[in-house]
Amino acid sequence: MSAMSSPTPATVESPRKQSPVQVPNPPVNRTRWWVAGALLLSIIVAAAGYKLWNASRAQSDTPLTAIKTAKAFVAPLDITLRIAGQTSARNFANIITPLLRGPEARGSMTLLKLAGSGAHVKRGEMLAQIDAQSIEDHIDDLKDTLRNAENDVTKRKAEQSVEWEGMQQTLRVARSQAEKGQLDFKPAGIRTDIERELLKLTMDEAAARYQQQQGDINQRKLSQTAEMRILEITLDRHKRHMGRHEHDLKLFTIHSPMDGLAVMSTTFRGGDMGQVQQGDQVYPGQPILKVVDTSKMQVEGSISQSDSSELRIGQAVRVGFDAFKELKFTGHVYSIGALAVGGWRQQSYIRSIPVRVAIDGSDPRLIPDLSASCDVIIKSTPDLLQIPLAGVQEEKGKATVVVRTGNSWASRNVTLGARNNSFVEVTAGLKAGEEVRIN
């Protein structure tokens, strides 16, 4: 039998720790960094150049400031005086609430109807109507009172007539008794002394009674006359009372006295000022509107008393308006105040003269209370060489202007004459048509 032998195992060596492999650093490429830096620098330079180009382009596109110039011209030179004011109507009618005559009508009244502000009204057209219901009711009561007073007069006249007839009858009886006593006393010669004495006493008593009745009837006549006079005065008082209220009632409907434009007045309402309107509470004598004739307008203004000596009635005026620059009118000085008035301050020493300028012509836009300016022509000189006052430089008594000579400018001395607020006369140093620079 064969035997098998196991092979001898081979010896295995343990692995040893190996050191890391050292990889050498690659060489630095300096050429790449130079290219990147040059590219970045070129980008920065290009951006700066583009910005400068845009700035120069914008500057070239900006227009240069134009130089204002004017040419010397020959025209009339007007010396003017400026007056500022506001427009008003020369012909107008103030519409006020009626001044009531009735003794009870002293309170407020209510406007039931009112013409529209700015409406054109005709003569006789209704402008306003006031609530009159309370007065109508009071007039009805007064009619009953008046009727009762008339009845009292009639009744008392009838009563006095009956009384008078009774007194006349009593007087006739007294007179007949007095006459009877005299007749009875005549045959007293055949009577005894006692009978004669009794007859005499009866005659005297009847005569005294008749005399007393005559005095009483005269006094009663005076009393009846006074009583009737009292009743008649009472009746007349009631008639007058009712007549006052009837007169007031007619005034509660207000009609226009002329053709014109309705302009509302202002009133104090709720802590603020506002125009009078329908439904407002008004009081007797309160202005509620004006009817103005817009075909004849004027400007009311004032001027310093130091300049008032230059004004004369009838001087020509040029009128302009702040609200309508294109609206121009001519006019004339219509009125100059005789006395100077003070300013709005109580202790103001600045005094001014009221002036009114009548406007020639009319326009639908010309309404009251527009701010206006009036240039009063104090003196007008024809055919003078003149330039705008803004083109003259005055220093130390010398006047110079900058004149265009070709494509350049040159300073030149000139001699000045008359001037106004806008233009000045040039008497020497300049010719018509030459162009001067305006400062």
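Which helix does His-241 lie in? His-241 belongs to helix α3, residues 193-251, where helices are DSSP runs of H or I with at least four residues and strands are E runs of at least two, numbered from the N terminus. Please keep in mind that this is a predicted model, in which local features need pLDDT of at least 70, side-chain atom pairs count only at pLDDT 80 or more, and totals for chains, interfaces and linings use all residues. Residues are numbered from 1 along each chain as its sequence is written, and side-chain values use heavy atoms, with hydrogens and water left out.

His-241 is buried, at 15% relative accessible area; buried means under 20%, exposed over 50%, and partly exposed in between, with a 1.4 Å probe and protein chains only. Leaving aside residues up to four places away in sequence, His-241 touches Pro-103, Glu-104, His-138 and Leu-142, a contact being heavy atoms within 4.5 Å.

Let us move to helix α2, residues 133-185, which holds Asp-140. Lys-180 also has its place in helix α2 and is exposed, at 52%.

Now for the salt bridges, each a side-chain nitrogen of Lys or Arg within 4 Å of a carboxyl oxygen of Asp or Glu. The whole structure has 18 of them. In one, Asp-144 pairs with Arg-147, with the closest N and O atoms 2.9 Å apart. These two are separated by about one helical turn because they sit 3 residues apart in helix α2.

Arg-365 pairs with Glu-326 at 2.8 Å between the closest N and O atoms. This pair links distant parts of the chain, 39 residues apart: Arg-365 is in the loop between β17 (351-360) and β18 (371-388), and Glu-326 in the loop between β14 (316-321) and β15 (328-336).
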